[in-house]
Amino acid sequence: MDVDAEPKPDPLIKQGAEGRVYRIQFLGKDAVLKERFVKTYRHPELDARLTKERIRAEAKSIVRCKNAGICTPAVYSVDFSTNRIIMEYISNSETVSDYIYKLSDMSNEKHTEELKNVSAEMGRVIGKMHHNNIIHGDLTTSNILVQHIDNCWKLFLIDFGLSYTKSSDEDKAVDLYVLERALLSKHSDVSWFFDNFLTHYAGFNKSTERVVKKLSEVRSRGRKRTMVG
Ligand SMILES: Nc1ncnc2c1ncn2[C@@H]1O[C@H](COP(=O)(O)OP(=O)(O)OP(=O)(O)O)[C@@H](O)[C@H]1O
């Protein structure tokens with residue numbers, strides 16, 4: 001895939017340490033352009049290789065997820081010469097992180113029920129992703145989008161730059177551990193969220209049930225590492 005038309009990158013959605021994310025129009029469609037910076041502190045050859053790997057990983061896993069029936073933005077274009085990837089813009093969406101903040105702030109029975117549904121659906125979606133041997137590599141509530149359509153919503157997985165394909169329970173359990181840590185630090189007020197997620201993740205099938213058992217090992221290693229500092 002190649003970018004023939006130079007897109008006009010405006011407006012900026014996110015300026016991060018690794019790159020920028022813009023909302024653009026691409027071939028008449030609402031799209032997102034992700035651009036990765038050149039890291040001057042890294043050796044140029046190493047930097048070029050790592051950047052290329054992340055862009056390739058992102059495009060590959062998005063396609064693998066799509067083939068598995070998991071919602072991800074469609075990839076429109078990948079350009080290794082400019083370190084740019086262009087993908088479908090998920091309209092009317094917000095990050096799960098923002099949605100949790102919003103719902104837990106309004107905290108009433110209806111909103112708690114909604115949060116339960118979100119965590120359960122996250123369990124099913126991540127379960128399906130792992131069942132297909134896709135390791136996300138940076139599983140946080142900022143890397144899952146909730147798209148609102150009328151009174152319904154759908155989850156989209158994004159930000160696959162650190163992803164890879166592997167069947168190991170250990171790697172899948174580490175993915176879950178990263179999500180657990182992220183939830184604990186950002187959303188400690190809804191401490192039950194991860195447990196409910198895990199119940200539905202484990203319920204996906206036998207392979208995910210195994211990963212949950214592995215998670216306790218990963219947790220105890222994580223705790224030891226924290227104690228050692
Ligand atoms: N396809 C999309 N549709 C709508 N919004 C998106 C889309 N992709 C990204 N965003 C928005 O841009 C934000 C940043 O995107 P993303 O997490 O992919 O970039 P990043 O954090 O800079 O990536 P990386 O961690 O790989 O450096 C998301 O939290 C989301 O708000």
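Let me start with serine 168, whose side chain makes a polar contact with the side chain of aspartate 171, at 2.6 Å. Please keep in mind that what we are looking at is a predicted model. The side chain of serine 168 also reaches the backbone nitrogen of glutamate 170, in this case at 3.3 Å. As for where we are in the fold, serine 168 belongs to the loop that runs between strand S10, residues 164-165, and helix H4, residues 169-186.

What caps the N-terminal end of H3? It is asparagine 108, with a side-chain oxygen lying 2.9 Å from the backbone nitrogen of lysine 110.

Now let me turn to the ligand. It is surrounded by 19 residues, of which the closest are Lys14, Arg36, Glu88, Ile90 and Asp159. By class, this shell has nine nonpolar, three polar and seven charged residues.

Looking at individual atoms, a polar side-chain atom of aspartate 159 lies 2.6 Å from an oxygen atom of the ligand, and a polar side-chain atom of asparagine 143 lies 3.3 Å from an oxygen atom of the ligand. With glutamate 88 the backbone is involved, as one of its polar backbone atoms is 2.9 Å from a nitrogen atom of the ligand. Taken on its own, the ligand has 620 Å² of accessible area, and the protein covers 86% of this.

The space that the ligand takes is the largest pocket. Which elements give two or more residues to the shell around the ligand? They are strand S1, residues 12-15, strand S3, residues 29-36, and strand S5, residues 84-88. The largest share comes from S3, which gives three residues to the shell.

How values were computed:
Residues numbered from 1 in each chain as written. Predicted model: local features only at pLDDT ≥ 70, side-chain atom pairs only at ≥ 80, totals over all residues. Heavy atoms only, no water. Near = heavy atom within 4 Å. Polar contact = N/O pair within 3.5 Å; in protein donor to acceptor, adjacent residues only side chain to side chain. Areas by Shrake-Rupley, 256 points an atom, 1.4 Å probe, with all protein chains shown as cover. 1 Å grid on protein atoms, 1.4 Å probe; cavity = no way out; pocket = protein on both sides within 12 Å on 5 of 7 lines; lining within 4 Å. Sits in = over half its atoms within 2 Å of the grid points. Helix = DSSP H or I, 4+ residues; strand = E, 2+ residues; numbered from the N terminus. Nonpolar A, V, L, I, M, F, W, Y, C, P; charged D, E, K, R; others polar.
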